[in-house]
Amino acid sequence: EDGMEMNNLSDQNAILSFRIWSAIPIAVDESENIYVVLGSHQNTIKKYSSTGAYMMTIGGNYWDNDLSGTAAALSYITELVYKSGSLYIRDQNWLIIKKYSAITGDWQLTLWDRYWKSNRSGDQANFLNPKIVHVDNEQNMYVNSYDSISASVSGVTSVIKKYSSTGAWMLNFEPNYALQDAFPDSEWNIYQVMTSYWMPWLNGVNTGLIVKKYSASGELLMTLGWGTVENNFVGWTGTLLSETNAPLTAYLDHNDGIIFAQQNTYLVKRYTSTGAWLATIGDGTSWDNNLSGTAAQLTYPNYRDTDNSGNVLLMVGQYWEQKLKSYSLTGAWIMTLWDGTNGAGNNNDLSGLSAKYEYPGTTAFDAENNLILNTGGFRVKKYSSTGAWMMTIGSGIYWNNNLSGISARIGYVSDIFTDSSNNIYLVVDYYRIKKYSSTGVWLMDIGNGVQWDNNLSWGSAQFWAITDFSVDGSGTIRVLDLEYPRCRKD
């Protein structure tokens, strides 16, 4: 809490009070109006235009009611979702889902929690510790209702409930146990990921991970998993089917296919969006080779990314010998970037198995599937999809200049992005953005390297802590500067 009173002014004259120890929910609509949750109790929503002009306020009063605009009382907003002219919020203190007009701020409906599991509508709705999974194109809401504390009594830890745009209960998805995550795919099917890993009496050994895919109407479309995750009213058990350590979670690739990376059994498995097995990478042995499919050997594989062709990039190895490997959709080995040594001072401009770098840091793929890799030591390198070295940005000296290629001096790179023209954007030291061409030619800086805040351009701009960043097809850059609660458009 910054101790300042908020106001309803615009642009740099706006004063925004917020809980500095909390994540700040932000939403943006199709007109690029910005909605941000503020206040020392995190109970105020303010709307600003795309140019920063103040537009309206919802809330600001601490408690709960079903009033509109500045008369609304809220407690602690932890989720904020915009969809088709409406705002959906989750009030953590009261465990309530509320809907307001994003245009007028008028209250529209409340889904109210009183710790029961009946299927009621509107302000009589009942669910446990709700979380908004998503809102579909028809403004139907999918709310995950779960309560791990009372699981041994109730026998159910998670039920996703679907409500209409008016708050009417529509259906319940199948109850599931030990829900770790729930998310939609590109066709609005719902994936639920259940795992036993987080249960403390299993001593960190993951005895089960199940992924279930449901249609928007609640129909079970497929089940994938290792072991079983179930509740026996006493404790959590995992009845093993094959492996003794299941994956920790699941990932979706560019075609909604599912990827499991199993660290402790040294395997990676891929499935289509319908659950059909695609490939297994690894023979279950903790070792290293550059073979394909089940002949491959991997040590502690970690998923990093997939490129535009669906090739998967893995980081494998112990922390002192981490390397990057890529495999095709069918599990064929494509390339390895590593010569066998990591650590400070390691660097060269060679390819594949001859490549030397300090550690495999942040990664990004451009439109041609070239890999952009933060290699540590104040360098970023570009490799082809087959691992051929293409260019280096950075001289290995910490500083800043506006030179190109290996003459460039950059700081600590926290994130990397590319645009449709394959230009490369580096977020450096959290408060500077550097843009280079696809060949490593310096193009511009946004930020002067001073950790502060202003609304100036190019090398005169100042940031405090860039925590998110995006580039759209027109080349517009959007930056989230979290220390000062602002969304910036550059």
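The model is predicted: local features need pLDDT of at least 70, side-chain atom pairs count only at pLDDT 80 or more, and totals for chains, interfaces and linings use all residues. Residues are numbered from 1 along each chain as its sequence is written, and side-chain values use heavy atoms, with hydrogens and water left out.

- Strands here are DSSP runs (E, at least two residues), and helices are runs of H or I with at least four; both are numbered from the N terminus. Two strands pair if DSSP finds at least two bridges between them.
- β25 and β26 run antiparallel and are joined by four bridges. Asn 302 has Met 315 in β26 as its bridge partner.
- Strands of a sheet pair through backbone hydrogen bonds, either parallel or antiparallel.

**The cavity**

- On a 1 Å grid over the protein atoms alone, a cavity is a set of points where a 1.4 Å probe fits but cannot get out.
- The volume of the largest cavity is about 70 Å³. Grid points are joined across faces, edges and corners, and a volume is the space filled by probe spheres set on the points.
- The residues lining the largest cavity are Asp 307, Asn 311, Val 312, Leu 313, Ser 326, Ile 334, Met 335, Phe 365, Asn 369 and Ser 385. A lining residue has an atom within 4 Å of a point.
- β26 (312-316) and β28 (333-337) each supply at least two residues of this lining.
- By class, the lining has five nonpolar, four polar and one charged residues. Ala, Val, Leu, Ile, Met, Phe, Trp, Tyr, Cys and Pro count as nonpolar; Asp, Glu, Lys and Arg count as charged; the others, Gly among them, count as polar.

- β9 (residues 96-101) pairs with β10 in the antiparallel sense over four bridges. Ile 97 has Leu 111 in β10 as its bridge partner.

**Loop residues**

- Ser 84 sits in the loop between β7 and β8 (86-91). Its phi is near 50°, a positive value in a residue other than glycine.
- Ser 84 is partly exposed, with a relative accessible area of 45%. Buried means under 20%, exposed over 50%, and partly exposed in between (1.4 Å probe, protein chains only).
- Gln 139 is found in the loop between β11 (131-135) and β12 (141-146). Gln 139 counts as buried, at 13% relative accessibility.
- A polar atom of the Gln 139 side chain lies 2.7 Å from the backbone oxygen of Ser 84.
- The Gln 139 side chain also makes a polar contact with the side chain of Lys 99 (3.1 Å). A polar contact is a pair of N or O atoms within 3.5 Å; within protein, one must be able to donate a hydrogen and the other to accept it, and residues adjacent in sequence count only if both atoms are side-chain atoms.
- Phe 378 lies in the loop between β30 (371-374) and β31 (380-383). Phe 378 has a positive phi of about 60° although it is not a glycine, and it is buried at 18% relative accessible area.

- β35 (residues 432-436) and β36 (residues 442-446) pair in the antiparallel sense over four bridges. Tyr 436 stands opposite Trp 442 in β36.

Definitions and conventions
1 Å grid on protein atoms, 1.4 Å probe; cavity = no way out; pocket = protein on both sides within 12 Å on 5 of 7 lines; lining within 4 Å.
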